[in-house]
Amino acid sequence: MDADGTFLDDHRYVEVELTVKNVSNTEYDKFLVTACSLYTNKKEGIGTGIEVYTGTIAPFDERLGYDSGKVPLAVGESVSGNVGFIVTRQKLENTEAPLYFTVDINGSAWIKPEESGASWIKVPQEEG
């Protein structure tokens, strides 16, 4: 990237706007923004994930240590914002292994996607 944050190669940003709500009956200490991922859906199964690069839902800075990317949510409380990923143009254009966004709270979405209860949203193909 140059000093203005513009990619000088084939990388692109994928930004996802979302709202997260604590719909449980118990207090959930914190929602972890890094539970958001992009995965490839290959013929032989779900591919490795692409991790969140940035976000506005919670402070997302490695200097915060353990609390980086976490936001407290009381019962019934919600928070809205975005999360951003950096991917290559090749991944965005690959029709054999399209990208999907999911929030994988329990860490099992890529291992057992049907059993994880996660919602999978296809990332639109890049235009032009």
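Which residues is Thr 40 in contact with, leaving aside its neighbours within four places in sequence? I'll start there. This is a predicted model, and everything I say refers to that model.

Thr 40 is found in strand S3. Its contacts, again leaving aside neighbours within four places in sequence, are Gly 45, Ile 46, Gly 47, Thr 48, Lys 91, Ala 97, Pro 98 and Leu 99. At 7% relative accessibility, Thr 40 is buried, because the cut-off for buried is under 20%.

Let me stay on strand S3, which covers residues 36-42. Ser 37 lies in that strand and is buried too, with a relative accessible area of 8%. Beyond four places in sequence, Ser 37 is in contact with Ile 50, Phe 85, Tyr 100, Phe 101 and Thr 102. Keep Phe 85 and Phe 101 in mind; both are on that contact list, and I'll come back to them.

Next, Lys 42, which also has its place in strand S3. Is Lys 42 buried or partly exposed? Its relative accessibility is 34%, so Lys 42 counts as partly exposed. Apart from neighbours within four places in sequence, Lys 42 is in contact with Gly 47, Glu 96 and Ala 97. Take Glu 96 from that list. Lys 42 and Glu 96 are 54 residues apart along the chain, and their C-alpha atoms are separated by 6.6 Å.

Now the aromatic residues. How many aromatic pairs does a search of the whole structure find? The search finds two. In one of them, the rings of Tyr 39 and Trp 120 have their centres 5.6 Å apart, with the planes at 55 degrees, so this pair is tilted. Tyr 39 is in strand S3, whereas Trp 120 is in the loop between strand S9 (99-103) and strand S10 (121-122), so the pair ties together parts that are 81 residues apart in sequence. Tyr 39 is buried, at a relative accessible area of 6%. Trp 120 is partly exposed, at 25%.

The other pair is Phe 85 with Phe 101, the two I asked you to remember. Their ring centres are 6.2 Å apart and their planes are at 70 degrees, so the pair is edge-to-face. Phe 85 sits in strand S8 (residues 78-88) and Phe 101 in strand S9, and the pair links distant parts of the chain, 16 residues apart. Phe 85 is buried, with a relative accessible area of 0%. Phe 101 is buried as well, at 7% relative accessibility. As I said, Ser 37 is in contact with both of these residues.

Last item, charge pairs. Side chains of opposite charge can pair when their charged atoms come close. How many salt bridges does a search of the whole structure find? There is one. Its partners are Glu 93 and Arg 89, with the closest N and O atoms 3.7 Å apart. That distance qualifies because the cut-off is within 4 Å. Where do the two partners sit? They are in helix H1 (residues 89-93), four residues apart, which means about one helical turn separates them. Glu 93 is partly exposed, with a relative accessible area of 43%. Arg 89 is also partly exposed, at 30% relative accessibility.

Notes
Residues numbered from 1 in each chain as written. Predicted model: local features only at pLDDT ≥ 70, side-chain atom pairs only at ≥ 80, totals over all residues. Heavy atoms only, no water. Salt bridge = Lys/Arg side-chain N within 4 Å of Asp/Glu carboxyl O. Helix = DSSP H or I, 4+ residues; strand = E, 2+ residues; numbered from the N terminus. Buried < 20%, exposed > 50% of the residue type's maximum accessible area, 1.4 Å probe, protein only. Contact = heavy atoms within 4.5 Å. Phe/Tyr/Trp six-rings, centres within 6.5 Å; stacked < 30°, edge-to-face > 60°.
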